[in-house]
Structures are given as C-alpha cells and as structure tokens.
Amino acid sequence: MADLAVRLGGIPLRNPLLLASGIWGESGDSLAGAWAAGAGGVITKSIGSESRRGYPNPTVETYDRWGLLNAMGLPNPGIEEYPREIAAARAQGATVIGSVFGSDAGEFARLARRIATTGVVAVELNLSCPHAEGYGTEVGSDPADVERIVRAVTSEVTLPVIAKITPNTSDPAGLAAAAERGGAAAVSAINTLRGLAIDIRLRRPVLAHGLGGLSGAAIKPVGLACVWQIFERVKVPVIGVGGISSAEDVLEYVMAGARAVEIGTAVTFDGIGVFGRIARDLSGRLDELGFARLEDAVGTAHPARGRPAGAPAGNGPTEA
Ligand SMILES: Cc1cc2nc3c(=O)[nH]c(=O)nc-3n(C[C@H](O)[C@H](O)[C@H](O)COP(=O)(O)O)c2cc1C
C-alpha cells in the first residue's frame with residue numbers, strides 16, 4: 001500500500017487529509033471525532049481576540065451537492081475560552097493546527113503567541129474570509145499587508161506558520177510569495193469565493209449578511225488553478241483546499257502541487273466518514289498509478305516535473 005505520511009513545513013502528518021477550518025471544528029470532541037474518523041490533522045475554527053456571536057440566520061444556503069454559500073461571521077468563543085477545546089482534542093490524540101483571525105499584524109501576533117501555548121503543531125492565519133468586515137480578505141488582499149502580518153507572527157512564534165490565501169484577487173500566487181517572504185512555513189489555498197444568492201420572492205439576499213463565501217465542488221477548478229500558480233511561484237509547501245470529496249480530487253490537487261489538502265464542505269454533505277473513505281481510496285489509487293509514496297506525486301502534472309513519457313503535452317492549465 002502506498003505511504004500516505006507527509007511532512008509539511010516540518011510537521012509530520014500520518015496522512016495529508018486535514019479537516020478545514022470552520023467545519024466540524026467547534027468543540028474538542030468534534031475535532032477529535034474528525035481525527036478518529038481518519039483525518040491526518042484537524043484545523044480549529046478561526047479564533048479571534050474576543051468572543052463573537054457571528055451573523056444572524058440564515059447563514060448558509062445549500063446548492064444540491066455542488067456548493068454551499070455561507071456567511072457565518074466568524075462566530076467563536078474568543079482566544080481565552082477556546083484552548084480548553086484544543087486540550088480536549090489533544091487528550092484524544094488529535095494532531096491540532098490552530099487557526100486565528102485578526103484585524104492587523106499586532107493582533108495576529110498576539111493571537112498566534114497565545115494559541116502556540118496550547119500544544120497545536122502549527123498556526124494557520126485566516127487572511128482570506130470573504131465576508132467579515134475588517135478581517136480575512138480585507139487584511140489579506142495586499143501582498144505588503146500579508147508579508148507584514150506573516151512576519152509579525154513568525155517573529156513571535158517558533159511553530160510553523162501557514163498563511164491561508166484568498167482566491168478573491170487577481171494574483172493569489174503574489175500573496176503566497178509575500179507570505180513566503182514573511183517567513184511562512186506553508187501556504188494554504190483557497191478560502192471561499194465571494195458569492196451572493198437572491199430570494200426573488202422577498203427581493204433580498206438569501207443570507208442575512210447578504211454577501212457570503214462559496215465552497216464545495218463548484219470551486220474545485222478555482223482552487224486547483226490557485227495551487228498550480230502558487231506551486232510555480234513559491235518553494236514552501238502548498239496545502240490545497242476547495243471542493244475535495246474523493247481520492248481523485250486529492251490527487252488532482254497533489255499533481256497540481258499540493259503536499260496536503262483540507263476538506264470542509266464534503267464533511268457537511270457526506271459526513272465525517274469522508275476522511276477514512278478518501279484515505280483508503282487514495283492508497284489504492286496511488287498504487288494503481290505507480291506511486292510508492294504520496295510525496296512522489298506532488299507537482300507531477302507540471303510539465304517540468306514528471307508528466308509520464310508519451311502523455312499529451314500542453315494539457316495543463318494555461319495563463320491567458
Ligand atoms: C460554514 C463554513 C465555515 C468556514 N469557516 C472558516 C473559518 O472559520 N476559517 C477559515 O479559514 N476558513 C473557513 N471556511 C473555509 C474553509 O475552511 C475552506 O477554505 C473552504 O470551505 C473551501 O473548502 P471546501 O470546498 O472543502 O469546503 C469555512 C467554510 C464554511 C463552508
């Protein structure tokens with residue numbers, strides 16, 4: 001059976017399948033449940049300085065099986081309350097990555113310093129939520145801001161720092177390069193795509209907040225294109241996120257350049273069993289494709305990095 005273990009910016013993972021931030025990660029027990037179901041690691045929901053209730057309902061609109069539109073508004077209990085959930089997850093053996101969101105470099109650094117004391121193996125910076133005023137995309141769209149925030153965090157904590165990049169920009173690879181300059185150990189891409197749904201009978205947006213973020217199968221091609229471009233631009237490992245619900249999806253991301261992936265919306269549609277199912281299928285698919293280790297498949301769809309002899313040339317994504 002192919003070896004699924006990977007190292008990610010110094011972090012050893014038993015497999016590359018991470019629970020994405022914000023889905024199923026409210027409590028220590030739910031994080032531990034994802035771990036028990038076979039995830040290689042679990043990422044907490046994004047935690048801020050103070051507790052936030054988030055936006056009023058409705059906060060989620062579901063599109064059959066191809067997508068979710070959400071505007072939760074980053075609900076969380078705040079950095080002083082949440083560590084007990086991390087402790088509960090770790091007590092059940094989980095490898096936990098802490099996600100934080102802030103409004104500027106100083107706030108990110110304070111949050112990262114605090115969460116680094118909880119036993120997490122890495123810190124992911126939410127520089128990319130598309131619907132929270134003053135946070136996420138609003139502080140993560142300018143490369144200079146991204147570099148400043150990441151540098152402030154990496155000079156404050158010794159743990160690996162993962163910068164989560166927004167797709168709501170013309171140059172996601174430029175943001176990833178800025179994160180790398182700031183000292184990020186890895187970058188993850190993508191967060192949700194800004195989106196909107198209208199209730200034509202009520203003549204108003206479906207979500208109470210109006211604008212939301214689209215996730216799920218619909219965004220997979222966008223996530224793949226971002227990972228592809230980022231892989232060509234940076235040296236640090238890339239974590240692929242967006243619309244993954246099968247081993248084939250994982251392999252697409254891996255061949256585009258991802259060393260690990262995050263899975264979110266598929267948990268909502270298929271349940272937490274997705275992790276075990278995908279891990280099993282992934283080993284089988286790697287065997288069929290002749291890869292002894294998942295790491296050997298990273299980036300192999302890029303022309304210079306191992307497309308099999310005789311495979312048709314020029315079928316990779318191109319830049320217009
Ligand atoms: C309901 C919901 C809540 C989310 N909350 C967060 C969050 O707190 N922090 C974050 O970085 N990303 C958050 N995300 C984005 C996901 O982590 C992920 O980047 C995105 O959904 C794309 O992956 P997917 O298609 O597998 O869901 C959230 C997504 C959803 C659907």
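**View 1. Cys129 and Cys226 in the predicted model.** The sulfur of Cys129 lies 16 Å from the closest cysteine sulfur, that of Cys226, which is too far for a bond. From the other end, the closest cysteine sulfur to that of Cys226 is in Cys129. A disulfide is a pair of cysteine sulfur atoms within 2.5 Å, and a search of the whole structure finds zero disulfides. Cys129 is buried, at 6% relative accessibility, and Cys226 is also buried, at 5%. Buried means under 20% relative accessible area (1.4 Å probe, protein chains only). This is a predicted model, in which local features need pLDDT of at least 70 and side-chain atom pairs count only at pLDDT 80 or more, while totals for chains, interfaces and linings use all residues. Residues are numbered from 1 along each chain as its sequence is written, and side-chain values use heavy atoms, with hydrogens and water left out.

**View 2. Residues around the ligand.** The ligand is surrounded by 22 residues (a heavy atom within 4 Å). The closest are Ser21, Ser46, Gly216, Gly243 and Thr265. By class, the shell holds 13 polar, eight nonpolar and one charged residues; Gly counts as polar here, and Asp, Glu, Lys and Arg as charged.

View 3. A polar contact is a pair of N or O atoms within 3.5 Å. An N or O atom in the side chain of Thr265 is 2.6 Å from a ligand oxygen. For the side chain of Lys164 the distance to a ligand oxygen is 2.8 Å, and for a polar side-chain atom of Asn191 it is 3.5 Å. Of the 610 Å² of accessible area that the ligand has on its own, the protein covers 93% (Shrake-Rupley method, 1.4 Å probe).

Terms used
A polar contact is a pair of N or O atoms within 3.5 Å; within protein, one must be able to donate a hydrogen and the other to accept it, and residues adjacent in sequence count only if both atoms are side-chain atoms. Buried means under 20% relative accessible area, exposed over 50%, partly exposed in between (1.4 Å probe, protein chains only).
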